[in-house]
Amino acid sequence: MDNARFTRRPEAGEAVRRRYGLEGRRIVITVGRVSFEKNVDLVIRSLKLLEDDIVLMVVGQGPALDGLRRLVEEERLQDRVVFTGYQKGDDLVDHYSCADAFVSASVFETQGFTVQEAMSCGLPVACGNGRAFTDFIRDGENGYLFGLTEEECARAIMEALDSPQAVRDRGMETALSYGLGPTTERLVQVYGEVIEENRKRRDKERRLSM
């Protein structure tokens with residue numbers, strides 16, 4: 001992940017808020033392919049347990065989108081859910097910058113890039129308690145984890161929105177540790193270790209064959 005790109009841009013974020021008429025609202029953003037395993041429907045339903053000024057912004061496209069739009073209408077949450085469509089580049093950073101917190105209810109992520117992007121932009125995060133997220137999210141320290149119920153999701157969202165600066169700072173530190181530089185260094189180290197192990201194995205095989 002390019003931490004230099006994913007940096008909060010307050011003025012651009014305010015412009016995004018004005019574009020969607022969300023001034024004065026608390027925005028929780030979710031980003032990624034809008035597929036069924038992302039469990040965005042759970043996040044939408046959890047809004048009913050949260051205060052009315054909290055809005056969910058869904059950034060992305062995918063096969064579950066039409067069903068989610070219908071769910072929003074059925075739950076009468078049209079004024080609390082915004083579908084922005086696919087965003088990329090600076091536009092994506094600007095959408096992160098308009099938000100107050102990030103949420104993902106997916107438990108099938110392999111790397112969790114969007115979570116790391118959000119953390120790099122200074123957002124507190126609330127994530128489903130599964131797979132990739134538990135590799136780098138420590139509940140209550142640099143983010144919040146929740147089980148897949150509306151009550152747990154709503155609780156974690158509120159914890160993220162109300163999180164102290166220390167949690168946000170540790171989230172940014174975590175994102176930096178997954179940036180291009182540190183990740184490249186770790187990869188080079190792993191390759192070096194593998195090469196050295198292979199060299200030792202070949203040397204041992206040669207000695208045994210003599």
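Within what distance do the axes of helix α1 and α4 come, and at roughly what angle do they cross? In this predicted model, the axes of helix α1, which spans residues 10–20, and of α4 come within 7 Å and cross at roughly 80°. Angles from 65 to 115 degrees count as roughly perpendicular, and α1 and α4 are therefore roughly perpendicular to each other. On the side of α1, the contact is made by Ala12, Gly13, Val16, Arg17, Arg19 and Tyr20, which meet Asp94, His95, Ser97 and Cys98 in α4. By residue class, the contact of α1 with α4 divides into four nonpolar, three polar and three charged residues.

Helix α4, made up of residues 89–98, lies across β1, β2, β3 and β4 (101–104), and its direction runs at about 140° to that of β1. These strands belong to an open sheet of six strands, in which the order is β3-β2-β1-β4-β5-β6 and the pairing is parallel. At the edges of the sheet are β3 (81–85) and β6 (144–146), each of which pairs on one side only. Neighbouring strands of the sheet are turned against each other by 25° on average, with direction ignored.

Strand β1, covering residues 26–31, runs parallel to strand β2, covering residues 54–59, and six bridges join the two. Along this pairing, Thr30 stands opposite Val58 in β2.

Technical notes. Residues are numbered from 1 along each chain as its sequence is written. This is a predicted model: local features need pLDDT of at least 70, side-chain atom pairs count only at pLDDT 80 or more; totals for chains, interfaces and linings use all residues. Side-chain values use heavy atoms; hydrogens and water are left out. Two strands pair if DSSP finds at least two bridges between them. Helices (H or I, at least four residues) and strands (E, at least two) are DSSP runs, numbered from the N terminus. Axes are lines fitted to C-alpha atoms, for helices over the stretch in contact, and angles run from 0 to 180 degrees between N-to-C directions. Contact means heavy atoms within 4.5 Å. Angles under 35 degrees count as roughly parallel, over 145 as roughly antiparallel, 65 to 115 as roughly perpendicular and the rest as oblique. Ala, Val, Leu, Ile, Met, Phe, Trp, Tyr, Cys and Pro count as nonpolar, Asp, Glu, Lys and Arg as charged, and the others, Gly among them, as polar.
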